[in-house]
Amino acid sequence: MNEALRIERSTRISQFFAAFSLLLLFFLIAAPFYLGRSELYLLVEIFSYLALASLWNLLAGYTGLASIGQQAFVGLGGYSLFALTIFFRMPPILAVLVAGIVAALLAVPTAWVIFRLKGAYFAIGTWVVAEVYRLVFAQVSALGAGSGTSLPTQVVQSIAPTRAARDNLIYWTGLGLVVAVLALIYLILRSRWGLALTAIRDSEPAAESVGVDNYRTKFIIYFLTAGATSSVGALISMQKLRISPEAAFSVNDWTAFVIFIVVIGGIGRMEGPLIGTIVFFLLRGFLADFGPWYFMLLGAVAIIVTLTMPKGIAGWLAEKFDLDLFPLRRRVRLPKQKSNENPSKNPEWPVRI
């Protein structure tokens, strides 16, 4: 070997995907000018699930914190939005961001409690905490108690004077939110934090032995995901213009579907939530008319995928075609061999580090 090793930070596929994403982002920004109201509503819903799934994937797939109570922060974000706009006259768009800060602060005492639990007890503990929040807000009469409430007319009009302008502003807010969430997750995973998270997920004692502060790292990720999840919850409630404890803290809508998206897409890979969200909405479009069978068919799909592709669709594609849309690790490319080796063999072998 007379050539130096090459370190690759990206692949041709990831470079093509980056260029395609920029082009797609341009068309998504301009979407209100050529799509109707129903299409914009659907896109905001897709953005919301993609953001929620990506955040849950960061929490469970990379940090090892398998929470089944993330609906707590979706509901907290929604109720924070209503409280901030109704009682404090805050502009709704600003309230979406502030709601994330409020819920992130509430995540501090929540983390202090549930981080004392491990494994399955942690998962059950997060669900119990979410139920406590739901029951608490069901008693707040100023926000409609158990039956919920709607945003007052003056608050709705403060978003934008017309319905079309309001739909466009909510759409752009959702687009900006999901782009910010994906960018934040990517930057975290490309940094030293990403290595620390992977080490914690694989083995907490081993991670601690090499200098990783397990508690501090998990707490910061939990804090960030809680805040971002709450901002997404605030956006969802602003789009619906109504909130109730059952809808805001729905374990089915905001946790079960999110876990389904991540599992079939590929947990522990950034591509997973993206692929899973596309599959989920395609299945919902084709199977929604089947009534009660809809949920049974979704469950059957999840079982089939987990049995045939344990690492999800993204993991299967990565193993089969070396697909890496979000390059999070460097690759060492070995130099070509100048010998009488079989020329049919690939002379370069990527080694991931």
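**Two helices side by side**

Mentor: Begin with helix α12 (residues 251-265) and helix α14 (residues 293-308), which pack at an angle of about 30° with their axes 9 Å apart. Helices here are DSSP runs (H or I, at least four residues), strands are E runs of at least two, and both are numbered from the N terminus. The axes are lines fitted to C-alpha atoms, for helices over the stretch in contact, and angles run from 0 to 180 degrees between N-to-C directions.

Trainee: In which hand does α12 pass α14?

Mentor: The crossing is left-handed: the near helix is turned anticlockwise from the far one by less than a right angle, while clockwise would be right-handed. On the α12 side, the contact (heavy atoms within 4.5 Å) uses N252, F257, F260, V263 and I264. From α14 come Y294, F295, L298, V301, A302, V305 and T306.

Trainee: How do the residues of that contact divide into nonpolar, polar and charged?

Mentor: You get 10 nonpolar, 2 polar and no charged. Ala, Val, Leu, Ile, Met, Phe, Trp, Tyr, Cys and Pro count as nonpolar, Asp, Glu, Lys and Arg as charged, and the others, Gly among them, as polar.

Before we go on, a word on ground rules: this is a predicted model, where local features need pLDDT of at least 70 and side-chain atom pairs count only at pLDDT 80 or more, while totals for chains, interfaces and linings use all residues. Residues are numbered from 1 along each chain as its sequence is written, and side-chain values use heavy atoms, with hydrogens and water left out.

Trainee: How many aromatic pairs does the structure hold?

Mentor: There are 23. One is F115 with F122, a tilted pair with 6.2 Å from centre to centre and 50° between the planes. Phe, Tyr and Trp rings (six-membered ring for Trp) pair if their centres lie within 6.5 Å; planes under 30 degrees apart are stacked, over 60 edge-to-face, and the rest tilted. F115 and F122 are both buried. Then look at Y49, W254, F257, F260, F280, F281, Y294 and F295, which form one aromatic cluster. F257, F260, Y294 and F295 are also in the helix contact we started with.

Trainee: What sits over the ring of F115?

Mentor: The charged end of K218, 6.0 Å from the ring centre. The test is NZ of Lys or CZ of Arg within 6 Å of the ring centre and within 35 degrees of the ring normal.

Trainee: Where is K218 found?

Mentor: In helix α10 (residues 214-240), and K218 is buried, with a relative accessible area of 7%. Beyond its neighbours within four places in sequence, K218 is in contact with T63, L65, F115, K118, I200 and E204.

Trainee: What is L40 in contact with, leaving aside its neighbours within four places in sequence?

Mentor: A31, P32, L35, N168 and Y171. L40 sits in helix α2 (residues 37-62) and is buried at 4%. T126, in helix α5, is also buried, at 4% relative accessibility. Past its neighbours within four places, T126 is in contact with S67, I68, G69 and I114.

Trainee: Is P327 buried or exposed?

Mentor: P327 is buried, at 9%, though found in the loop between α15 (312-321) and β4 (331-333). P327 and L189 are 138 residues apart in sequence and 9.7 Å apart in space, C-alpha to C-alpha.

Conventions: Buried < 20%, exposed > 50% of the residue type's maximum accessible area, 1.4 Å probe, protein only.
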